Amino acid sequence: MNEPDPVPEQVDVAVVGGGQAGLAMGHALTQQGPRAGKDFVILDAADRVGASWDSRWDSLRLFTPAGHTALPGLPFPGPPDAYPGKDDVASYLRQYATHFDLPVHAGATVERLTLDPCTRGFVLTTSRGTIRAGRVVAATGPFQVPAVPRLGANLAPWVMQVHSSEYRNPAQLPAGRVLVVGAGNSGAQIATELAATHEVTLAVGTRQPSLPQQLAGRDLFFWLTRTHVMDITVGSRLGQRLATKEALIGTRLRDVARLGVRLTGRLTAADGGTVSFTGSDRQQVDAVVWATGYRPDYTWLPAEAVGADGWPLHRRGVSPVPGLGVLGLPWLHTRGSALVGWVGRDACWLAEQLG
């Protein structure tokens with residue numbers, strides 16, 4: 001096996017994260033007119049570009065068509081109205097990094113970022129050495145540490161538990177009764193798939209509004225783009241309302257129920273193989289899929305760059321710590337900030353701000 005290229009000791013810009021946000025930032029850094037080709041590096045903890053997409057469940061398909069799923073400078077392969085699978089996205093990201101010859105260093109986990117008082121830059125302590133950088137972009141995205149409710153510890157050892165990040169396909173789960181906790185897009189899609197092979201219950205904490213995948217023969221994102229909904233900023237009054245209400249796209253809970261999935265209220269307790277829901281509803285389970293989202297892990301950033309809620313402090317991606325930027329988070333600036341087809345706009349803007 002070939003040894004990975006050594007990480008540089010010093011760069012102008014260090015981008016932390018090699019997913020779509022990090023790659024978009026890398027492309028933006030190569031496009032800054034006379035300063036194109038500035039010295040930068042993209043550090044990724046995974047062993048390859050696209051690894052986070054490779055690891056998603058087998059049947060996952062995006063709700064954005066290929067025509068709205070491209071990073072700047074390289075169209076997404078295939079028909080623009082097709083819905084890419086998770087392997088398609090992983091392959092595209094690898095193609096993108098190769099096409100633009102982006103300096104991605106895989107297997108380089110950033111353990112700590114500190115301020116350098118001498119140069120007013122940064123020192124990145126990584127699993128592959130120390131790097132000094134004038135500016136840093138945190139592009140690790142929102143999917144970091146799987147969040148599992150504490151009451152999961154009260155389930156019996158024989159009840160199989162997997163987070164949605166670990167779920168692959170129905171054959172992974174034992175026969176019998178499966179509880180899916182969380183009725184967002186991931187939970188609803190997983191419950192729908194499991195309904196063909198298992199007795200499924202979907203625990204619905206908060207009912208989200210649902211939007212059809214297509215309207216008047218056109219994909220939803222055609223209309224969202226045409227009406228500039230994707231351009232609504234988080235600082236606007238409407239943006240502040242929308243940012244707190246994630247929608248189910250292409251899935252309605254009543255359609256999930258028609259497949260035989262039992263809808264219940266919020267999960268409130270677990271004891272052995274028995275789970276309880278709001279309204280004193282109880283049932284036995286053989287497996288649980290936790291579609292309960294993720295929690296942030298920005299403990300590697302300087303304390304002054306992180307808020308009390310654990311998320312980075314920023315204004316349109318610009319941190320209060322000079323020279324530090326943030327990219328790829330939901331509603332970083334607009335509704336599309338965390339989506340593959342829109343993150344490039346934030347990357348271009350942020351590259352200009354960091355200089």
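User: Which residues does Leu124 touch, not counting residues up to four places away in sequence?

Analyst: This is a predicted model, where local features need pLDDT of at least 70, side-chain atom pairs count only at pLDDT 80 or more, and totals for chains, interfaces and linings use all residues. Residues are numbered from 1 along each chain as its sequence is written, and side-chain values use heavy atoms, with hydrogens and water left out. Contact means heavy atoms within 4.5 Å. On that basis Leu124 touches Ala14, Val16, Leu43, Val110, Arg112, Leu113, Gly129, Thr130, Ile131, Ala133 and Val136.

User: Which residues have the most contacts inside the largest nonpolar core?

Analyst: A nonpolar core is a set of buried Ala, Val, Leu, Ile, Met, Phe, Trp, Tyr and Cys residues joined through side-chain atoms within 4.5 Å. Buried means under 20% relative accessible area, exposed over 50%, partly exposed in between (1.4 Å probe, protein chains only). The largest core has 80 residues, and those with the most contacts inside it are Met25, Leu124, Val180 and Leu327.

User: How many residues of helix H1 are buried?

Analyst: Helices (H or I, at least four residues) and strands (E, at least two) are DSSP runs, numbered from the N terminus. H1 spans residues 20-29. Its buried residues include Met25 and His27.

User: Which residue in S17 stands opposite Ala270?

Analyst: Two strands pair if DSSP finds at least two bridges between them. S16 and S17 (residues 274-277) run antiparallel, joined by 4 bridges. Opposite Ala270 stands Val275.
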